[in-house]
Amino acid sequence: MISDAATATDPTTGASWQTRVLCLFLRLAKRRRWTTAAAGERTLARAKGDPTPPRSLTRHREVTTRTVAGFAVHRVLPRSGVRERGAVVYLHGGAYVSEIVSQHWSLVADLADATGRPVHVPIYGLAPQHGALEARALASRVVAEAAAEGPVHLLGDSAGGGLALLAAQHLRDTDGPRPVGITVMAPWVDLTMANPGIDEIEPYDPWLARPGLRPVAAAWAGDVPLEDPRLSPIHGDLAGLPPITVHVGTRDITLADSRLLRDRVRAAGGTVHLDEVPGSPHVHPLLPTPEGRRARARLLAGVGGVA
């Protein structure tokens, strides 16, 4: 793990053999969904998955569901019951087009158990049927409601990481209850994806590519410009936010904007820690690799210590 530092020129350097094998699998099985605009359009048109909490989660933990602004919000309790005051809000990734999946639910379970706090999981609407401003409003409202239980730690991965930052900015600007900490994994913070640093990383990313993400971003944005700070938090005011931790690998196109986010938050007087892992792909704390498991442990320890 490299903390707040640039890595070697080759982003694959330093990866375990397990990560290298996983990256090969991702390139063969996942990347074709994003390599062209047509592939991105097909991804948009696919039927959505089932967002229901799986039996593996509900078997050992109490899960209740409420409706907020027309969307389901699940509240997951720790296996041994609530031990600490406060709450966690988790916003899943999926490029704003895919539903929450088993890897997300596994992290939700770990978050509940590690923190001893309930985890609130809003199932926000997805593109192309739903859009960014609606999701931002829902996420902000869920954080505000969770604050009734005490201090709230806000988390998100990928698209959900961008949404987490948007919600935090919105709550700050509207004098709403603010999270005490934000943890994001490979956050999608700029829908324009115009950072020139992405050019160097994209050939090494085994999963994501900008051509297929562009039609998804356009559908999610609707009539709002991609660079609007209500959609792309990197273009908004980054002052006055709670401490932020960013987990990202060097084989991930979100790396360039994660570094830019670090620099801009610090320039605005904020606190941010960049946990940068050599050779790891997108959202590696969700993946079954040695690097992913170590990053997940650091993530859980950090959330437990802040909320």
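**Entry 1: α2 and α8**

I began with a helix pair and noted that α2 and α8 are oblique to each other. The model is predicted, so I kept its confidence limits in mind. I then looked up the geometry behind that label. The axes of α2 (residues 37–45) and α8 (residues 210–221) come within 6 Å. They cross at roughly 45 degrees. I also checked the hand, and α2 passes α8 in a right-handed crossing.

Next I listed the residues that meet. On the α2 side I found A37, G40, E41 and L44. On the α8 side I found P211, G212, P215, V216 and A219. I sorted this contact of α2 with α8 by class and got 6 nonpolar, 2 polar and 1 charged.

**Entry 2: α5 and α6**

Helix α5 spans residues 132–146 and helix α6 spans residues 159–173. Their axes come within 9 Å and cross at roughly 70 degrees. An angle from 65 to 115 degrees counts as roughly perpendicular, and α5 and α6 are therefore roughly perpendicular to each other. I recorded their crossing as right-handed.

From α5, the contact uses A135, R136, A139, S140 and V143. From α6, it uses L163, L166, A167, H170 and L171. I counted classes here too: the contact of α5 with α6 has 7 nonpolar, 2 polar and 1 charged residues.

S140 lies in α5. Is S140 buried or exposed? Its relative accessible area is 4%. Buried means under 20%, so S140 is buried. I left aside neighbours within four places in sequence and asked which residues S140 is in contact with. They are A167, H170 and L171.

I moved on to strands. Strand β7 covers residues 181–185. I checked burial along β7 and found 5 of the 5 residues buried, so β7 is largely enclosed by the rest of the structure. I then noted which way the residues point. G181, T183 and M185 point one way from β7. I182 and V184 point the other way.

Strand β6 (residues 152–157) pairs with β7 in the parallel sense, over 5 bridges.

Strand β2 (residues 63–68) and strand β3 (residues 71–76) run antiparallel, and 6 bridges join them. I then inspected the turn. The hairpin of β2 and β3 has 2 residues between the strands. A69 in this hairpin takes a positive phi near 55 degrees.

I followed β3 to another partner. It is joined to strand β5 (residues 119–122) by 4 bridges, and the two run antiparallel. Here V73 has P122 in β5 as its bridge partner.

**Entry 3: V224**

I ended on a loop residue. V224 is found between α8 and β8 (244–249). I read its relative accessible area as 15%, so V224 is buried. Which residues does V224 touch, not counting those up to four places away in sequence? I found L133, R230 and L231. I followed up on L133, which is 91 residues from V224 along the chain. The C-alpha atoms of V224 and L133 are separated by 9.1 Å.

Conventions:
Residues numbered from 1 in each chain as written. Predicted model: local features only at pLDDT ≥ 70, side-chain atom pairs only at ≥ 80, totals over all residues. Heavy atoms only, no water. Axes fitted to C-alpha atoms, helices over the stretch in contact; angles between N-to-C directions. Parallel < 35°, antiparallel > 145°, perpendicular 65-115°, else oblique. Left-handed = near helix turned anticlockwise from the far one by under 90°. Contact = heavy atoms within 4.5 Å. Nonpolar A, V, L, I, M, F, W, Y, C, P; charged D, E, K, R; others polar. Buried < 20%, exposed > 50% of the residue type's maximum accessible area, 1.4 Å probe, protein only. Pairing = 2+ DSSP bridges.
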